[in-house]
Amino acid sequence: MNPPSQDLWMEWNNHYRSTGIDVDRICKDGIIDPVAYEKADSKILFILKDTNKYRGDLRELLHDGPRFQMWHALARWAAGIQLGFPQFEEIDKPDVMRTAFRSCAVINLKKTTGKAQANMSVINAYAHQDRRLLHKQIDEIKPDGIVACGTFDQMLWLLDLDCDPDSP
């Protein structure tokens, strides 16, 4: 299994350059630790909105485990899913969370940095504009399951999922 290629990020650079977006604003994301991801029984992809003022590569930021409150929550979710939903006390341990989280992938719909409060109109515009590359990235990651983190509505149209619009 190969993690998303450098070619994908070159495509993203070319795509953003062609639309006038500064490529230095791209925040790379994807599989946190390719070796741990390959060994995982359950390959989980978390799909988020954008970064909170972070510029750089999320994979590098998260490689040594979760940082900041939000990442700890995702690490607990990963541990719960991967370990069959044991009691909270069993997963709320730094080593358990770190191990589970490193075997996941994390991507943002908007690849440029954002602010503390995401602007969903902007997120939607980026996701729509970037949908071909987002599909390609998800296909390269090959997750067993996707967790939409505030992005469920976007996942419906982005992944062309069937839904009943009259169902609550």
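A residue counts as partly exposed when its relative accessible area lies between the buried class, under 20%, and the exposed class, over 50%. Phe88 has a relative accessible area of 44%, so Phe88 is partly exposed. The model described here is predicted.

## Phe88

Phe88 is located in helix H5, which covers residues 88-91. Pro66 is 22 residues away from Phe88 along the chain, and the C-alpha atoms of the two are separated by 17 Å.

## Packing of H1 and H8

Two packed helices are described by the angle between their axes and the distance between the axes. For helix H1 (residues 6-18) and helix H8 (residues 131-141), the angle is about 170° and the axes are 11 Å apart. An angle over 145 degrees counts as roughly antiparallel, and H1 and H8 are therefore roughly antiparallel to each other.

On the H1 side, the contact is made by Leu8, Trp9, Glu11, Trp12 and His15. Helix H8 contributes Arg132, Leu133, Leu134, Lys136, Gln137 and Glu140. By residue class, the contact of H1 with H8 comprises five nonpolar, two polar and four charged residues.

## Aromatic pairs

A pair of aromatic rings is described by the distance of the centres and the angle of the planes. The structure holds four aromatic pairs. One of them joins Tyr16 and Tyr126: the ring centres are 6.0 Å apart and the planes are at 65°, so the pair is edge-to-face. Tyr16 belongs to helix H1 and Tyr126 to helix H7 (residues 120-129), so this pair ties together parts that are 110 residues apart in sequence. Tyr16 is buried, with a relative accessible area of 0%. Tyr126 is also buried, at 12% relative accessible area.

Phe46 and Trp77 form another of the aromatic pairs, a tilted one, with 6.4 Å from centre to centre and 40° between the planes. Phe46 lies in strand E2 (residues 44-48) and Trp77 in helix H4 (residues 68-82), and the pair links these distant parts of the chain, 31 residues apart. Phe46 is buried, with a relative accessible area of 0%, whereas Trp77 has 43% relative accessibility and counts as partly exposed.

Key:
Residues are numbered from 1 along each chain as its sequence is written. This is a predicted model: local features need pLDDT of at least 70, side-chain atom pairs count only at pLDDT 80 or more; totals for chains, interfaces and linings use all residues. Side-chain values use heavy atoms; hydrogens and water are left out. Axes are lines fitted to C-alpha atoms, for helices over the stretch in contact, and angles run from 0 to 180 degrees between N-to-C directions. Helices (H or I, at least four residues) and strands (E, at least two) are DSSP runs, numbered from the N terminus. Angles under 35 degrees count as roughly parallel, over 145 as roughly antiparallel, 65 to 115 as roughly perpendicular and the rest as oblique. Contact means heavy atoms within 4.5 Å. Ala, Val, Leu, Ile, Met, Phe, Trp, Tyr, Cys and Pro count as nonpolar, Asp, Glu, Lys and Arg as charged, and the others, Gly among them, as polar. Rings of Phe, Tyr and Trp (its six-membered ring) pair if their centres lie within 6.5 Å; planes under 30 degrees apart count as stacked, over 60 as edge-to-face and the rest as tilted. Buried means under 20% relative accessible area, exposed over 50%, partly exposed in between (1.4 Å probe, protein chains only).
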